[in-house]
Amino acid sequence: MLPLAPWLLAAWAVAIAIGDARSRRIPNALLLAAALPALLLLLLDGRGPLGAGPADSLLGAALCTVPWLPGWRLKMVGAGDVKYAACIGLLLGWLPGLRVMLYAGVILGIMAGLAWLRSSGGSRLPMGLALSAGLLIELSGVGRYVLPQA
């Protein structure tokens with residue numbers, strides 16, 4: 001694992017969360033800023049920035065994408081959100097990535113409940129904000145008190 005990787009990923013997650021909360025968009029440039037170096041590390045070093053191997057990373061990208069595809073097909077989730085989930089899986093590997101998806105799902109459910117209580121019907125929730133919060137929970141290690149670690 002690269003020593004600064006968790007801090008850089010945390011800053012990246014915060015940037016995505018702020019942008020998504022403001023504009024409901026996740027720019028491809030921000031996603032590529034993490035995905036390309038991660039892929040390069042996987043190719044050159046055999047490990048991603050947080051230590052996941054190539055198989056873990058690719059499986060993580062696939063498994064983290066799957067839960068959000070139905071929402072994307074129904075136009076309830078943006079393509080940027082799905083790509084962000086894939087990046088998280090690529091960067092963390094399959095097990096930590098799935099934990100992030102679980103945290104994000106719970107956070108998104110809470111956000112939806114609060115939006116319903118406020119009766120702000122029809123507005124899209126910033127899913128990138130929920131994914132970023134889930135990623136920060138995983139990076140901070142707080143999740144180890146909630147879910148078992150491998």
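Is Lys 75 buried or exposed? With a relative accessible area of 71%, Lys 75 is exposed (over 50%, whereas buried means under 20% and partly exposed lies in between, with a 1.4 Å probe and protein chains only). The model is predicted, so that local features require pLDDT of at least 70 and side-chain atom pairs pLDDT 80 or more, while totals for chains, interfaces and linings use all residues. Residues are numbered from 1 along each chain as its sequence is written, and side-chain values rest on heavy atoms, without hydrogens and water.

Lys 75 occupies the loop between α4 (69–73) and α5 (helices are DSSP runs of H or I with at least four residues, numbered from the N terminus). Its phi is near 60°, a positive value in a residue other than glycine. A positive phi of about 60° is also found at Arg 24, likewise not a glycine. Arg 24 belongs to the loop between α1 (5–23) and α2 and is partly exposed, at a relative accessible area of 40%. Helix α2 (residues 28–45) contains Asn 28, which counts as partly exposed at 41% relative accessibility.

The largest pocket has a volume of about 520 Å³. Of its 22 lining residues, Met 76, Val 77, Gly 78, Asp 81 and Arg 124 are the closest to its centre. A pocket is here an open set of points on a 1 Å grid over the protein atoms alone, where a 1.4 Å probe fits, with protein on both sides within 12 Å along at least five of seven lines; lining residues have an atom within 4 Å of a point. Helix α5 (residues 79–92) supplies the largest share of the lining, four residues. By class, the lining comprises ten nonpolar, five polar and seven charged residues.

One salt bridge is present in the structure (a side-chain nitrogen of Lys or Arg within 4 Å of a carboxyl oxygen of Asp or Glu). It joins the side chains of Arg 99 and Glu 138 at 2.7 Å, N to O. The pair connects distant parts of the chain, 39 residues apart, with Arg 99 in helix α6 and Glu 138 in helix α7 (residues 127–140). Both Arg 99 and Glu 138 are buried.

Helix α6 (residues 94–118) also holds Leu 102, which is partly exposed with a relative accessible area of 44%. Leu 102, Val 106, Ile 110, Leu 114, Trp 116 and Leu 117 make a nonpolar surface patch of about 690 Å² (residues with over 30% relative accessible area and no salt bridge, nonpolar side chains being joined within 5 Å and like charges within 9 Å).

Definitions and conventions
Accessible areas come from the Shrake-Rupley method with a 1.4 Å probe; for residues, only the protein chains shown count as cover. Helices (H or I, at least four residues) and strands (E, at least two) are DSSP runs, numbered from the N terminus. Grid points are joined across faces, edges and corners, and a volume is the space filled by probe spheres set on the points. Ala, Val, Leu, Ile, Met, Phe, Trp, Tyr, Cys and Pro count as nonpolar, Asp, Glu, Lys and Arg as charged, and the others, Gly among them, as polar.
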